[in-house]
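Visitor: Can you walk me through this one? I would like to start with the overall layout.

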Amino acid sequence: MKLIFNYIQSNTKHIPSQEKDVDLPEELKRRYLPLCDVNEIQIIRHYTELSRKNYGIDTNFYPLGSCTMKYNPRVNEDLAKLQGFSDLHPHMPASHAQGALQVIWELEDNLKEITGMDAFSLQPSAGSQCELLGVMIAKKYFAEKNETRTKIIIPDSAHGTNPATAAMCKFQTVTIPTDDRGNMDINEFKKAIGPDVAVVMITNPNTLGLYEENLSEIKDLAKENGSLMYCDGANMNALLGISKPADQGFDMMHLNLHKTFSTPHGGGGPGGGALGVRSFLEDYLPVPRIKKENEQFVFDSNKEKSVGKIHSFYGNFGILVRALSYLKSWGSDIQKVSQIAVLNANYLFCLLKEDFDVPYDRRCAHEFVISAKNFGEKSTINIAKRIIDYGFHAPTIYFPLIVKEALMIEPTETESKDTLDEFARVLKTIIKELKEDPELVKNSPHTTPGRLDEVKAARQLNLRWMPKES
Amino acid sequence: MNFIPHTKEDISKMLSVVGCSTLDELVSEFKPKLSELKIDNPLSEIELVSYITSLSEKNSAMKYFVGGGSYDHYIPSVINHLVSRGEFLTSYTPYQPEASQGVLQVLYEFQSFICLLTGMDVSNASLYDGASALAEAALLSSAHTKRKDVFVDDGLNPEYLKVLQTYCDGTELTITNTIDKNTACVISQTPDFYGNIKNPQGLIDMAHQNNALFINCISDPTSLAILKTPGEFGADVVVGEGQAFGIPKSFGGPYLGFIAVKQFLTKKLPGRIVGMTMDNQGNEGFVLTLQAREQFIRRERATSNITTNQTLLALTATIYLALLGKSGLQNVARASYHRAHLLHEKLRKNGFDSINTNPFYNEFLVKSPKPSEKIIADLMECDIFGGIDVGDDKLLVCCTEKNSLQDIDSYISAVSK
């Protein structure tokens, strides 16, 4: 499809013309602005057409494992766009932004209750930035205790962000293998835990969609050792109203508001991050904190131990409005979300178990991992592309790395039984096609643009449009 | 509310397939089981709208003469209509390019726009916000030069400096006040926090003489419509905040971090990058590319840990730039410039001292003849948020094309009471 740069049209003039030039020294002035003008009708057609080349939750079942692609209630969009929020300048003094501070305060309060943590920071923009903040806090905490701890323990099933974050903060990652039941191997963990371990970073349920069965023992060993327990809460959609990560022994955890609390994923963001900590780490959270004084919300930047600041202002505030709205909609019924998310995953897992290799045959949490290794190498990518032909988005594939030809499927609670039945039927059909007409699957998708050449993209880099003049 | 489509019959049928008799039994493995959840009762949509609206109304509505990292530019109506389309809004990172050509082409256009505006060679598909984009640029410089010192020029947004300091502490970099053979990068903001447009050439030369990278940070990128590009000056990295491109102020987020580099740093870029390629039928298409840099492949050897970024805001900025086009963006910049200079002149005539040592764009610093708290309070009485108090009775004032001549007159009459 044509790029937006390839139109030559007249300007719609949203802004009155300003003929008068600016009075700046020539050496500071721009000589040439290589943009084009496109009229509004063409802009509408161009981006509407592009939107139609995209699958979203609104148009297609989107069982992308680890991403919690649940329905995004539209009313929350309206609420975030209320003028009192969307037009509010971030430098507005707290006295004139009481509603905004109350949103942050109430969301923190609800998240504390759901996770059992004692304090939250909503400054991070996404889960990865929460991890970075968490590891920075751990680093400062141990530095102040004059303890030299250089290692972070991470299971081999973990998201890549976990070791990437550890490395950013100059910690060494100790990778623990997964045992036959899909848990972090407790014997290997025992060998690894020692006085140099700062943090034990665990995703629970883990990325295999399984509850960590040795968590209680791991927690005891970590505590005895003086290490901090960090929970990657990407999979919190399994635990809402059922079990609190603080009760499981975690000292810190992050939530992805765009996953569990249904703020739209927006094609890859904005996300929303929330880092929760136990009270002994509260003073390390970024400033400003919000406190309540005489029924007024005020900013508090006077925190000596704080690691500092990780956002230009207060985080992705518009996302916080949506997350609070979502939480208020469910209120005390929130456990239904996780119960049905777990039911949907287990139901679909049972429908597919006979057809695929099952690396860990246990009851799953809100997602599960199956393997297409029995259908030959590269069959997972072929199945994923063929799924698109049947009108579904593909699951997460080739992750976790420890499962060969992995398909990681997370249906979420907002999908009906009919959709799950249909998805299972489609996967069974594709398996049949793989046997009867393998070329059909290998050359898929057939209903969308053809399979795209990623090798060519990386070898012959074309990362931008170039104007002809230059 | 209830966003679960299941009937009771569905649930019992599904439970029997799973081999459980109740939902509680299904989740019995998740321990320790919580005893009670102290959360308010669920709200229906009508109750929710009423409640959240009441919170929004506790915030004051003002006319803004304030920037400092968030700018009150006009947002054309079309943007919200297009950005709200569910196909964009409810999709995720384009891992399956065949089902994501829409978002991928948008990001390719975004990368192109950022390069065209900054005069740089390559842009990524977005970072979180201006401050963390700057911090990522410092990390990139350290990885590229294998050095650990970061030099920051005067006039960097103080909030950005705090974020940079936090990242430096966590990643073991040091902010120093000299440029030498240990310097990984030299950071300078244009215009700087106080509005000054400084010629960066001297700093760029000093950086390059020491084999350090020069990072130019942009706070209001509408300024790029009239200012010589950082690329042309010789910057190696340009980062900044894209909020000015059609994104609501929204109490500080979600905003749009951007980063663009010269060719030789392409493989050091953090985050997602979209590239053009071909499909198996010979048609042009787009994919995420250079993924070998990223955390999900390289894990502890990744260039950054960033995953989810700000795609929907990159879409917003792309549509904004397409809508305004060349003449629209120039009009925004010229109007912002002229309104700011008009207000500046009127303030001088009313006893305010001009503090800027350099030319300014749409933001300037004045010293107030009265205590700045009083000036700000007087303006607030007239529903005008008139400036950022930077101490010592100095006010940082900003104008955009939205500040009308009447607004400027109201401002002057409020401060000359």
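Visitor: Which domains is chain A divided into?
Guide: Chain A has domain 1 (4–51), domain 2 (88–332) and domain 3 (335–456); the bounds come from an automatic or database domain assignment. This is a predicted model: local features need pLDDT of at least 70, side-chain atom pairs count only at pLDDT 80 or more, and totals for chains, interfaces and linings use all residues. Residues are numbered from 1 along each chain as its sequence is written, and chains are lettered from A and ligands numbered from 1 in the order in which they are written.

Visitor: How many residues of domain 2 of chain A are in contact with domain 3 of chain A?
Guide: 19 residues of domain 2 of chain A are in contact with 17 residues of domain 3 of chain A. Contact here means C-beta atoms, placed from the backbone, within 7 Å.

Visitor: And between the chains, how many residues does each give to the contact?
Guide: Chain A gives 162 residues and chain B gives 158 residues. On the side of chain A that touches chain B, α11(A) gives the most, with nine residues. Helices are DSSP runs (H or I, at least four residues), as are strands (E, at least two), numbered from the N terminus.

Visitor: At what angle do α11 and α13 of chain A pack?
Guide: Helix α11 (residues 335–352) of chain A packs against helix α13 (residues 417–436) of chain A at about 30 degrees, with the axes 10 Å apart. That makes α11(A) roughly parallel to α13(A); angles under 35 degrees count as roughly parallel, over 145 as roughly antiparallel, 65 to 115 as roughly perpendicular and the rest as oblique. Axes are lines fitted to C-alpha atoms, for helices over the stretch in contact, and angles run from 0 to 180 degrees between N-to-C directions.

Visitor: Which residues of α13(A) make that contact?
Guide: A:Leu420, A:Phe423, A:Ala424 and A:Leu427 do, and A:Tyr347 and A:Leu348 are among those on α11(A).

Visitor: Changing topic: is A:Ser66 buried or exposed?
Guide: A:Ser66 counts as buried because it has 21 C-beta neighbours inside 10 Å. The cut-offs are 20 or more other C-beta atoms within 10 Å for buried, 12 or fewer for exposed, and partly exposed in between, with C-beta atoms placed from the backbone. Phi of A:Ser66 is near 80 degrees, a positive value in a residue other than glycine.

Visitor: What about A:Glu295, buried or exposed?
Guide: A:Glu295 is exposed, with 6 other C-beta atoms within 10 Å. Its phi is positive too, about 65 degrees.

Visitor: Where is A:Pro445?
Guide: A:Pro445 sits in the loop between α14 (438–442) and α15 (454–459) of chain A. The peptide bond from A:Ser444 to A:Pro445 is cis, with omega near 0 degrees.

Note on methods
Contact = placed C-beta atoms within 7 Å.
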